[in-house]
Amino acid sequence: MRIVIAGGHGQIALRLERLLAARGDEVAGVIRRAEQADDLREAGAEPLVCDLESASVEEVAGLLEGADAAVFAAGAGPGSTAGRKDTVDHAAAVLFADAAERAGVRRYVVVSSMGADPAHQGDDVFDAYLRAKGEADASVRARTGLDWTILRPGMLTNDAGTGLVRLEASTGRGPVPRDDVAAVLAELVETPATAGLTLELISGSAPVAVAVKSVAGN
């Protein structure tokens, strides 16, 4: 498969790129800064330099031409303003989905956040983040041109992955290593029977492949 990942230099994205490249997929990552390119090449991915906050749908669709799947893993990141939560976590996610539809890339996987909700209340930056993620998810869910799956991990950690997770429509809160999030994403990308599902993810007791198979088709 050829898989294009938005936010290609993110912590989860770099892990995902390594996994996909190792299993023989052709991987490309969309990055904002050219100096990030070497990190992607080391992970086995082709760097595509494009600023999703300013690019047109046509530009991004060009990057997605010929892809079998797209993964939205971009984010404004910690320390960013509420305004950038809207321009990256919401608007860039909508742009990437628009571009995938235009390029005819049906398989579309989103890295969202547990608690994402367009109606989330509060004035803190994290509240703005949850609203932005919720609005982006709602936009993706409304599309008939995409075979989408939305993944909402719990509290992300840099602990070594265990390969054991809990993946359900509702898991309750809990931590999950970024390694395991990447492993679940790699499995979801090639499991189109998970299309139409919004899934929460925390550490658990089921091997990743088993967890994904158990929700597929539900």
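Colleague: In which helix does Ala21 lie?

Modeller: Ala21 lies in helix α1, residues 11-22. Helices (H or I, at least four residues) and strands (E, at least two) are DSSP runs, numbered from the N terminus. The model is predicted: local features need pLDDT of at least 70, side-chain atom pairs count only at pLDDT 80 or more, and totals for chains, interfaces and linings use all residues. Residues are numbered from 1 along each chain as its sequence is written, and side-chain values use heavy atoms, with hydrogens and water left out.

Start with Ala21 itself. Its relative accessible area is 26%, so Ala21 is partly exposed (buried is under 20%, exposed over 50%, partly exposed in between, with a 1.4 Å probe and protein chains only). Set aside the neighbours within four places in sequence. Ala21 then contacts Val27, Ala43 and Gly44 (contact means heavy atoms within 4.5 Å). Take Ala43: 22 residues separate Ala21 from Ala43 in sequence, yet their C-alpha atoms are 7.5 Å apart.

Now the rest of α1. The axes of α1 and helix α6 (residues 178-189) come within 8 Å and cross at roughly 50 degrees (axes are lines fitted to C-alpha atoms, for helices over the stretch in contact; angles run from 0 to 180 degrees between N-to-C directions). That makes α1 oblique to α6 (under 35 degrees is roughly parallel, over 145 roughly antiparallel, 65 to 115 roughly perpendicular, the rest oblique). The crossing of α1 and α6 is right-handed (the near helix is turned clockwise from the far one by less than a right angle).

Who meets whom? On the α1 side are Gln11, Ile12, Arg15, Leu16, Leu19 and Leu20. On the α6 side are Arg178, Asp179, Val181, Ala182, Ala183, Leu185 and Ala186. The residues of this contact of α1 with α6 split into nine nonpolar, one polar and three charged (Ala, Val, Leu, Ile, Met, Phe, Trp, Tyr, Cys and Pro count as nonpolar, Asp, Glu, Lys and Arg as charged, the others, Gly among them, as polar).

Helices α4 (residues 82-103) and α5 (residues 125-141) pack at about 10 degrees, with their axes 8 Å apart. That makes α4 roughly parallel to α5. Their crossing is right-handed. The residues of the contact of α4 with α5 divide into ten nonpolar, two polar and five charged.
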